[in-house]
Structure formats: C-alpha cells, structure tokens
Amino acid sequence: MTDARVRIDPAFAVGPVDRRLFGSFVEHLGRCVYEGIYEPGHPSADAQGFRRDVLDLVRELGVSTVRYPGGNFVSGYRWEDGVGPVEERPKRLDLAWRATETNEVGLHEFAAWCEAADVELMYAVNLGTRGVAEALDVLEYANVPGGTELSDARRANGREKPFDIRMWCLGNEMDGPWQLGHSTPEEYGRIASQTAKALRQIDKDLELVACGSSGRGMPTFGTWERVVLERCYEDVDYISCHAYYEERDGDLASFLASGVDMDRFIEEVIVTADHVKALKRSDKRIDISFDEWNVWYMGAEEPGTITGDEWPEVQHRLENVYSVADAVVVGGLLISLLRHADRVRSASLAQLVNAIAPIMTAPGGPAWRQTTFFPFALTSHLARGVSLDVRVEVASTSTAVYGDVPLVDVAATYDDGENQAAVFLLNRSLTDPLDVTVEIPASLAGADVEAVTLHDADPKATNTRENPDRVAPASNPTARLDGTSLTLTLPPVSWTAVRLGAR
Ligand code: AHR
C-alpha cells in the first residue's frame, strides 16, 4: 500500500540550482551582529572579535551569500560611519529598531567575516534617507581598485584589494509605510532606475535587485511590481520577494501549507515581471531574489526587553525560539524555492544569528542550533545540479487558509556529473504517517540511500541553551530501494531529506 507516488526524471529539469538559493541575512538588528557574529570578549573570538563557534556553525549551515547591513536598518544607514578607525566612528540612532548603532562593525569588518565564513557578501544601499550619490560613493569605496578619493580611502583603511561585491540591493522594502523613505512605486521605480544606471556606469556587470513588495499581503502587491518594473526593467536583474510565516490561532494545518502561499507569491511575481517584459518587447528576463524569508512570530518580543523609550546599544529583538513544526515549515519553504529554481536565483533566510535565526548565542557562553538549522543545512548540502519537475500523486488535506492542499510536498534535484539525486519531502498530515513510493531514474538503480527525517512526538519541542540537542534529524530506517522504487514512511508533521548516490 502506498499513500503517495512520486516520479523523478532528470529529463524534466526545472533549472539549475543556484548556490545563491542558500543565502542568509545579517542586519544590524538586536543581537545579530553584536553578541551574535561579533563579540570581542568571547572565549572563542578571533583577533578581529568574531566568534569562531558561530563561524563554525555558519559553515556547517552551508550558507552561500549573506545580505547586509539591512533590512529596515539600511534605510537610515550612513555607510561611511562604519569605515575608518573604530575609535573615531560615530554613534548614531538607529530609527528602524530604536537602538544606538556603535558602528564598531562596518564594511571592512563584515567583509572580513564573510571571507572567514566563506560566503559571498550581498550589499544593500540606503535609498530611504539617501540616494544615487551615496550609492555611487559606497560602490567606488568598495569596488574601484584605487586612484580615486574613496577607493584610496579604502586602501588607507587597510584593504588594498577591492571588495568586489557583485550583488547590490537597491534599498529595502520601500513599499512599507514603516520604512524610512517609504515611496510610491512610481517614485521608487524612478530612483531605482537612476541608481542602477549610475552604478552600471562604474561597472556594467553588477547584479542589481529592485525592491518588490515586502509581502504578498501588502495592498499594493502586484501593482508595486508592475509599476516599479515598468520604470527600471532594463536596468535591474532581479525583483525581490519577502515573506514571513507563523502559526496563527493554533491552525497548524494551514501553517504546514505555508509553501502554497510562497508558490503563489513566486508565480504571481513571475507573471507580473513577464507582463512588463511583454509590454517592453524586451529580450531580457527578470529573476527573483527572495531575499527575506522565514518563520517569524512577529508579536513574540520578550516581555520587559523593549521599553520603547530607550536607545540601547544591544537589545534582545526578534529572538524567536523555533519548534519542530517551525522547522518542518522551513523545510517546506525550501521545497517551494527549489521548485522555482528556474526563476528564483537567489534567496536569503532572514536572519542568521539571534534575530529570527537558525543560530543562537549566549554572551560569553555557547552557540547552538535552532530546529530550523537542520532543514536548511541538509537542503543546502544535498541539493545539487538541477531541480526537477516532480510528479506527485497523493490525496489532499483541507486547510482553513489555503483550501485543499496535497498531503505531501516534494522537491528533487539531480546532479548528472556525480550521478546523485536528492529528494525532499514534507508530510502535512497532523495525525498519520504516509507511505511514499518514489520512482527514481534507472541510472540510480541500486544506489546508496540515506534518509533523515525531522519529526518529534511533540511538534512544539525546541532547542534551548539548557537543552541544545533536544531536537535533531534522525536516520529514517524505513527507506528501502528495490530496483528503481524507493519506498519510505514519513511520520506526521515531518520533513525528510533523501540522498541517492551511485555506489
Ligand atoms: O528581517 C526583519 C525585518 O523584516 C527586516 O529588517 C525588514 O526588511 C523586514 O520587514
């Protein structure tokens, strides 16, 4: 008896899996930077003050790119505050998060951290309180080899070689009323076009991201993307998507179907971008940078930590503690991103450390993996080659928010060179295990099979400082390969990764 039949066939490829799908995000927010990646007094700190224990976890997580320095923070940020001698850097009010920014960490420090973490730096410019001139300045400072005032300032500040940042976000969430410099799509489309054209006068090969909507639920969603792209289509390469999900009112069934919303969001942005392409008779294709996504319980600030009338230098913000169910949803969102690998070419799990993050730290103490760490790390390590157009036959389950949705969601990748496949499966049933049969390509008959499942009898179980290893994926002993038929059982509310490799 099988509850679900899945077929994967390398002949049906969606598109290459871009490593940038496994990006993350470090914002000057809460304890993401200070007490997160950077804590000079910590026993594991390196000479520059970066926590080595966090660096180790970032490498284990398999992060490819890291978006920096915001987020909402960037819309009031002066990049030059963060360069030059640290003791001369000004303290500034960070209006986005009602904090005081000390600027101890700026471009040089963060770029050095990226090199230590072996990740690519993706830089966001301030189009909230600033504009074209300051975007040009930071590009000149960062990427021009030398011989100009700003590039020579970089060299004088200790960095001879350019940082060579390739991917640039043109502002952040400019559709959001909370954003400094909140704009209409007409205003933003114009400034994005002017900024992009100007940046390309220095380097035509930069990869540029225009702000899309800060959520599919925004009243201007759809119109925003169309109007912005009508103004900057030929100037940019990507339009961004941001989405955060949470379990509302105890409705776990709808929460487990969050990937359905992400699928619709991606597909709606694709048709909108392609509509503008048609209007412009353009040969160019705009892809998606899904540069903020995660589970986020927005109302869950720790009582007593935010007073609203102080401007602390370090504060606990957005320190969500994630459950097994949250991790299963994160695994499901990764399935959605992989399914659209032809058009989603970059994505950033928001964020990396402490603030809505897979990695948590205690000041002076340990760092540990949240539950959400595991699906991200496994997918990043296993998803190689091309994403496949997976065929699934399975019954539906009904949800209050999304109607009927398939009980099982699946993505798969195939790496021709290594003759290796990976299959990622989500069981949305709240109560029942599901038996799945996956028909795999003949080239993998008799391959080695390794399956790991994230599941717990208590879907609310978490990892904490006191109990950091309470939740972890475990080997799934039901996985069997018979010829080209892989069978396995998925427990309820679970996420599974299977690796099939030639012996
Ligand atoms: O990731 C947290 C915040 O969410 C970011 O600063 C902002 O861009 C979004 O609204």
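Contact here means heavy atoms within 4.5 Å. This is a predicted model. The protein chain holds 10 helices and 26 strands. Its radius of gyration is 23 Å, close to the 23 Å from the globule rule for 503 residues, so the chain is as compact as a globular protein of that length.

- Helix α6 covers residues 223–232.
- Its buried residues are Trp224, Glu225, Val227, Val228, Leu229 and Cys232.
- Those buried residues pack against two helices, α5 (185–202) and α8 (258–279).
- They also pack against two strands, β9 (207–210) and β10 (238–245).
- An α-helix has 3.6 residues a turn, so residues three or four places apart point the same way.

**The seven-stranded sheet**

- Seven strands form an open sheet with antiparallel pairing.
- The strand order is β2-β15-β19-β20-β26-β22-β23.
- β2 (13–16) and β23 (474–475) are the edge strands. Each has a single partner strand, so one side of each lacks a neighbour in the sheet.
- The partner of β2 is β15 (residues 386–388), joined to β2 by three bridges. The two strands run antiparallel.
- Within this pair, Ala13 sits opposite Leu388 of β15.

**Helices on the sheet**

- Helix α9 (residues 324–339) packs on the sheet.
- α9 touches β2, β15, β19 (408–415), β20 (420–427), β22 (448–454) and β26 (494–501).
- The direction of α9 makes about 55 degrees with that of β19.
- Helix α10 (residues 373–382) lies across β19, β20, β22 and β26. Its run is at about 20 degrees to β26.

**The α1–α10 pair**

- Helix α1 spans residues 52–61. The axes of α1 and α10 come within 8 Å and cross at roughly 55 degrees.
- That angle makes α1 oblique to α10.
- From α1, the residues Leu57, Arg59, Glu60 and Leu61 take part in the contact.
- They meet Phe373, Phe376, Ala377, Ser380 and His381 of α10.

**Whole-chain figures**

- The C-alpha trace spans about 70 × 60 × 45 Å along its principal axes.
- Of the 503 residues, 60% count as buried.
- The chain exposes about 18900 Å². Carbon and sulfur atoms supply 49% of that area.
- Among contacts between residues at least 6 apart in sequence, 76% join residues at least 24 apart.

Key:
Residues numbered from 1 in each chain as written. Predicted model: local features only at pLDDT ≥ 70, side-chain atom pairs only at ≥ 80, totals over all residues. Heavy atoms only, no water. Pairing = 2+ DSSP bridges. Helix = DSSP H or I, 4+ residues; strand = E, 2+ residues; numbered from the N terminus. Axes fitted to C-alpha atoms, helices over the stretch in contact; angles between N-to-C directions. Rg over C-alpha atoms; globule rule 2.2 N^0.38 Å. Buried < 20%, exposed > 50% of the residue type's maximum accessible area, 1.4 Å probe, protein only. Areas by Shrake-Rupley, 256 points an atom, 1.4 Å probe, with all protein chains shown as cover. Parallel < 35°, antiparallel > 145°, perpendicular 65-115°, else oblique.
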